[in-house]
Amino acid sequence: MESAETDPESDAALATRWRQGDVRAYEAIVARHLDPVRRFLISRCGNPGDADDLCQEVFLEVCQKIKCYTPGQSFTGWLYTIARRRSIDLWRRTRPMEPFDPDHHGGMEDRSPARVSEEQDEAVTAWNKVHALLSENQATALWLKVQGGHSISEIATMMDQSPENVRVLLFRARQQLALLWNQPTPCPTP
């Protein structure tokens with residue numbers, strides 16, 4: 001049998017074989033995607049332990065829903081959609097909050113507990129706002145680029161898009177966020 005480097009079988013072909021009961025195809029998919037999905041989940045939730053738990057949930061859901069996968073559809077996009085949704089579910093269940101430490105935050109004079117809590121909430125919800133403001137494809141492409149550190153070609157493969165389409169998605173996502181978040185404030189009228 002040739003190695004994956006000399007005979008790279010597509011994810012779609014592996015998924016099709018897996019749907020037909022080929023355990024080796026399942027093992028190849030897990031071997032190929034476990035680490036990248038785990039890194040993606042760590043970037044989403046910030047906690048390696050939670051990311052490990054989410055990985056188990058993601059691959060369990062993939063096992064349960066492999067019959068729902070449509071051959072010809074991007075397997076990677078399908079997989080990352082499941083991973084992204086699981087990370088959102090985790091965020092909804094547990095909102096990470098640090099206890100206020102005045103020494104860590106520059107002392108009591110500089111910031112109040114209310115301000116620290118507000119900053120934490122802003123940081124935690126920033127990506128959720130991005131997802132609410134953008135289309136799913138735009139938000140996913142932006143997430144994979146900014147948080148995942150993936151190249152345009154990697155994102156194109158994951159999302160089953162052309163590199164040009166990914167560039168357009170990223171451009172439009174950034175443009176739309178700039179318009180929505182950096183709207184100039186109107187000058188007061190005298």
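**View 1. Glu-136 and its salt-bridge partner in the predicted model.** Glu-136 is partly exposed in this predicted model, with a relative accessible area of 39%, and its side chain forms a salt bridge with Arg-85, the closest N and O atoms being 3.9 Å apart. Because Glu-136 lies in helix α6 (residues 136-146) and Arg-85 in helix α4, the pair ties together parts that are 51 residues apart in sequence. Arg-85 also counts as partly exposed, at 48% relative accessibility.

**View 2. Glu-61 and Arg-86 between helices α3 and α4.** A salt bridge joins Glu-61 to Arg-86, with 2.7 Å between the closest N and O atoms. Glu-61 lies in helix α3 and Arg-86 in helix α4 (residues 75-93), so this pair connects parts of the chain that are 25 residues apart in sequence. Glu-61 has a relative accessibility of 12% and therefore counts as buried, the cut-off being under 20%, whereas Arg-86, at 23%, counts as partly exposed. Both residues belong to a network of salt bridges that also includes Glu-57 and Lys-65.

**View 3. Arg-38 and Asp-52 between helices α2 and α3.** The side chains of Arg-38 and Asp-52 meet in a salt bridge with an N to O distance of 2.4 Å. This pair links distant parts of the chain, with Arg-38 in helix α2 (residues 23-45) and Asp-52 in helix α3 (residues 48-65), 14 residues apart. Arg-38 is partly exposed, with a relative accessible area of 27%, and Asp-52 likewise counts as partly exposed, at 33% relative accessibility. The structure holds nine salt bridges.

**View 4. The packing of helix α7 with helix α8.** Helix α7 (residues 152-159) packs with helix α8 (residues 163-181) at an angle of about 100°, and their axes are 8 Å apart; α7 and α8 are therefore roughly perpendicular to each other. From α7, the residues Ile-152, Ile-155, Ala-156 and Met-159 meet Pro-163, Val-166, Arg-167, Leu-169 and Leu-170 of α8. Sorted by class, this contact of α7 with α8 has eight nonpolar residues, one charged residue and no polar residues.

**View 5. The chain that holds these close-ups.** The protein chain has eight helices and zero strands, and of its 190 residues, 34% count as buried. Among the contacts in the protein chain with a separation of 6 or more, 53% are accounted for by residues 24 or more positions apart. The protein chain exposes about 11,700 Å², of which carbon and sulfur atoms supply 53%.

Conventions:
Residues are numbered from 1 along each chain as its sequence is written. This is a predicted model: local features need pLDDT of at least 70, side-chain atom pairs count only at pLDDT 80 or more; totals for chains, interfaces and linings use all residues. Side-chain values use heavy atoms; hydrogens and water are left out. Axes are lines fitted to C-alpha atoms, for helices over the stretch in contact, and angles run from 0 to 180 degrees between N-to-C directions. Helices (H or I, at least four residues) and strands (E, at least two) are DSSP runs, numbered from the N terminus. Angles under 35 degrees count as roughly parallel, over 145 as roughly antiparallel, 65 to 115 as roughly perpendicular and the rest as oblique. Contact means heavy atoms within 4.5 Å. Ala, Val, Leu, Ile, Met, Phe, Trp, Tyr, Cys and Pro count as nonpolar, Asp, Glu, Lys and Arg as charged, and the others, Gly among them, as polar. Buried means under 20% relative accessible area, exposed over 50%, partly exposed in between (1.4 Å probe, protein chains only). Accessible areas come from the Shrake-Rupley method with a 1.4 Å probe; for residues, only the protein chains shown count as cover. A salt bridge is a side-chain nitrogen of Lys or Arg within 4 Å of a carboxyl oxygen of Asp or Glu.
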